[in-house]
Amino acid sequence: MRTRIVNIKRLVGVDTHHKLRLQGKEMMELGQVENAWLLVEDGHIAAWGTMEELGLLPPAPVDEEVDAGGGMVLPCWCDPHTHIVYAGSREGEFVDKIQGLSYAEIARRGGGILNSADRLHATSEEELYRQATERAWEMIAKGTGCIEIKSGYGLNTADELKMLRVIRRMKESLPVRIVSTFLGAHAVGRGYSQPEYVDLVIREMIPEVGRQGLADYIDVFCDKGFFTPEETAHMLEAGAKWGLMPKIHADELASSGGVVVGVAHHARSVDHLECMADAQIETLRGSDTMPTLLPGTSFFLNMPFGPARRMVDAGLGVAVASDYNPGSTPSGDMKFVVSLACIKLRLLPAEALNAATLNAAYAMGLSQEYGSIAVGKVANFFLTKPIPSVDFIPYAYTTPIIRQVFLRGKAWK
Ligand code: NIG
Ligand code: FE
């Protein structure tokens, strides 16, 4: 199957550098071709060029031609941190927060993650799949083409496995690329002391997840009031025995050692970082770990924003993700995340777009195949309505810009 998109006002995110991630000043490298065409063959990007050149090429037969009509084409967003398998919603806590309770206070009262664990326990696997799939389609319609999804609302072995089976079914049934992360250590499950629960994660959950091949990554909520760096290290080491690479929650509530333990265990990413101390910039330098900011969470919880600008100025690369979850940010809108990355993290539009595409793909181990417009990569991209410029995308922060989303070369919207 060959599809050609023609009359593209601007083909954005064209990658001729073949880097797996962009760091420091490289984050400004956002390749753009004006008045372009793009050829897709069997779900992959086969070629691109300018309309002027196309007229000079010998005519090549295609099965389908799409006229972009002056719209732009960008690589789909990659969202490397979500919790979209959950039951129901938690708007009651939203109101509690407006009335002055903090995220940590709500968690201490048995709300928060435990509230979602209770709801998930009472919800069938079929219904969970239905709700999570609806959220995934909402994200696809907004231009997301790769999604990392975590467990972590089970908090006992049976319910954690139930969540991971839902993610596996989504992987198999949806056109979007999904990676799966085991987050048994999201909170201490009801009925366990903290040491008992860590023991359960290490001795029972991780081996079972490993045996059944249910996860690609392992995550731990390493933070003040949740799991310590020492507990985190033990769980990550247990996960490594089953080939689970870490992608961890760190420094959301306090600068609490998560970045150090993540980098020491070769984490693919360390995520949140709202309270990260500048000293951790040195910890991250020279590592393979992608610092991943979740500005939607800071926005929704009315908390500090992570030091993305200082990290990029210091030569690091950063990624952004939605963190779509029922407690701290019930939204998977990556265009809004890109706007927040500009407005609140002080990234320039080109940097923010790279943070949400190539670097986000890197943060889930997919940047060889996704995250930019390059020959051979999977044809996950979206076509915009006519827009005046690339900067308009984060600027018009609630304006829908998408005309069509293509996943593996097929139009889905
Ligand atoms: O990434 N920080 C930990 N976990 C989620 C929140 C989960 C919840 O409140 O349900 C997060 O923000
Ligand atoms: Fe999270």
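Colleague: How far is an oxygen atom of ligand 1 from an N or O atom in the side chain of His249?
Modeller: This is a predicted model: local features need pLDDT of at least 70, side-chain atom pairs pLDDT 80 or more, while totals for chains, interfaces and linings use all residues. Residues are numbered from 1 along each chain as written, chains are lettered from A and ligands numbered from 1 in written order, and side-chain values use heavy atoms, without hydrogens and water. A polar contact here pairs N or O atoms within 3.5 Å. For His249, the distance is 3.0 Å.

Colleague: Which residue has a polar side-chain atom 2.5 Å from an oxygen atom of ligand 1?
Modeller: His272 has a side-chain N or O atom 2.8 Å from a ligand oxygen. The 2.5 Å distance belongs to Ser328.

Colleague: How far apart are the C-alpha centres of domain 1 and domain 2?
Modeller: Bounds come from an automatic or database assignment. Domain 1 is 2–75 + 371–411, and domain 2 is 77–362. Their centres lie apart by 30 Å.

Terms used:
A polar contact is a pair of N or O atoms within 3.5 Å; within protein, one must be able to donate a hydrogen and the other to accept it, and residues adjacent in sequence count only if both atoms are side-chain atoms.
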